[in-house]
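Student: Please take me through one part of this model in close detail. I would like the helix packing and whatever ties into it.

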Amino acid sequence: MVFPNSAGQTLAEHNQTARFGPHNVSALLDYVCVENRLGFAQHAAYNYLPVCEFPWINKGWRDNGEPGFEDVVFDDCSITMGQALNNYDSQCVTFIILSLIPVGLNIWFLKYTNECKMKKQQNKYWFMLKKPNINEKLLLLNVLLGLFHAFRCIDFLGYAMRLSLTTTHTISTGFCVAVPIHLGFLLVTSWITLVDGGKTKKRPRWATVTYRTAVITSYIVEIGGGLYEYRSGEAIRWKHAINGSVSSTKYIVSIFWMTIGGSLCFIYGQKISNQLKSGKVGVEESPQLKRMKRMCRLSCLITLLGILIKLSGVGGRRFQTNQSIPTCDKLAINAIPVFIFCEQYIITYIFQPMYQGKRFTTHVANRMSDRIASTAKSTAGRSSKSRKTTGATSATGTSGGGSSSKGSSKGSSKGSSKGSSMGGSSNGGSSNGGSSMGGSSMGGSSTGSSMNSSTSSSVASMNSSTSSSVASSSKSGFSSFFRSGNSSVAPESEMESAFSNASSAASDASTMESEMDGEDGEDIVTGDEIGSTGDDKL
């Protein structure tokens, strides 16, 4: 079947005239933007029949031509959804930048981690890790996640045809889902090794089997299943349609492993937290215990978020063939990038190294507080200087007035002496009245002006001094609150030293679970260190 403008019309269902009647644009818009509106559909996605081959859409759609749908050309699928949304390209660029920020931070963390190691333990090239410890493995996996996500965000919905939705886009999406599962099981098995590994700190066999099975099946199901869901069932007939049975099965497998990993994370996170408490009651929680709790809560939170997203996917697919519905909104909306961003930034926050006894984010906060305090001091200094200048000007003017009064009183005195007693007595009896005649200003007027001048100058000086003092002490207090402990290099935190066999303060302060994987020949911690001391390292 041939259509007048057939770039995106390859099937009988794409003949809009046959489906909606001649030039019936309103019926077309009602079907796409009301009955099947993306995110607010009255009918499920598996009931939708494409009006154009994805990602093609009618000329004049949304932002193409005049904004809105007034100039939609009926039966003409000649533009892509990327062309129909003016801000789609800028969205892609924004998402790429957001996904690369954690990549840069994690690379810096890896470099810093290597520099903090003892000379003989350092890698010749920090980016070529020979025997990475747990923390380095987690950072490397987060870098991998960020790179795949950045690649996926080149065309995160496939609207611009920059990535093939059925191959490259699907492979990168599969990695973005499988890598966090890999990362989560790597973390939780290290906790299992700490608790159940005994004195040798060897990972229990059941934990090893669970870890390997979860990781291998996640990569196979997410990547292989993602490729197969476009190439099986009724999806073969429809370009870019998805086999809902394969997709729903894939989601269920992910939900299963997320539930297992999240449960183990909660159980063993609680066990380690209880051991870190060391039976102390009424004592403030140590930094390592707080960090352990934060790590456990965030890990469980991200797992729960993943389960909810996958469950919504199962509900949407319903084991039936699903079509891609074009958007009628200005922004392209999709939950997958948001979920991956949450994963990236939470992982980066949890596994950031310690620097001078504080986390990287704490140092950023300190730097910002110093900047704010510096600005406040500068503003207070300028205000104080202005008040000093004003006070000095006022004092000078008053002093000048006093001199003038003195000259006047001298003149009056002379006149009073020479002449007779014309308007008052020369001994100053009427001086408080301020009369210049008869020499009366000598006693009162001169003295009053001089006193006012001196008082004004003193008050201005005192205000200036007080303002400077307050600004200085305020800055000092503000800075000292945020910078306490930063004046010198702080020793490793308690959490980072107890689980490590390092005997030197120069050992890797940035690792959280240093060399806990016994099967890889890494350094193993002793069980006696857990709970027996406050210096626990995770």
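Tutor: What follows looks at a helix pair, the loop joining its members, and then some local features elsewhere.

This is a predicted model, in which local features need pLDDT of at least 70, side-chain atom pairs count only at pLDDT 80 or more, and totals for chains, interfaces and linings use all residues. Residues are numbered from 1 along each chain as its sequence is written, and side-chain values use heavy atoms, with hydrogens and water left out.

Helices (H or I, at least four residues) and strands (E, at least two) are DSSP runs, numbered from the N terminus. Start with α9 (residues 287–317) and α10 (residues 335–350): their axes come within 11 Å and cross at roughly 170 degrees. Axes here are lines fitted to C-alpha atoms, for helices over the stretch in contact, with angles from 0 to 180 degrees between N-to-C directions. The two helices are therefore roughly antiparallel, a term for angles over 145 degrees.

Contact means heavy atoms within 4.5 Å. From α9, the contributors include Arg291, Met295, Leu298, Ile302, Leu305 and Ile309. From α10, they include Phe339, Cys342, Ile346 and Ile350. An α-helix has 3.6 residues a turn, so residues three or four places apart point the same way. By class, the contact has 10 nonpolar, two polar and three charged residues. Ala, Val, Leu, Ile, Met, Phe, Trp, Tyr, Cys and Pro count as nonpolar; Asp, Glu, Lys and Arg as charged; the others, Gly among them, as polar.

Now the loop between α9 and α10. Cysteine 328 lies there and cysteine 33 in α2 (residues 25–35), so the pair ties together parts 295 residues apart in sequence. Their disulfide has an S to S distance of 2.0 Å; the rule is a pair of cysteine sulfur atoms within 2.5 Å. The link is left-handed, with -85 degrees about the S-S bond. The count of disulfides comes to two.

The peptide bond from phenylalanine 54 to proline 55 is cis, with omega near 5 degrees.

Last, histidine 240 sits in the loop between α7 (205–228) and α8. Its phi is near 70 degrees, a positive value in a residue other than glycine.

How values were computed:
Parallel < 35°, antiparallel > 145°, perpendicular 65-115°, else oblique.
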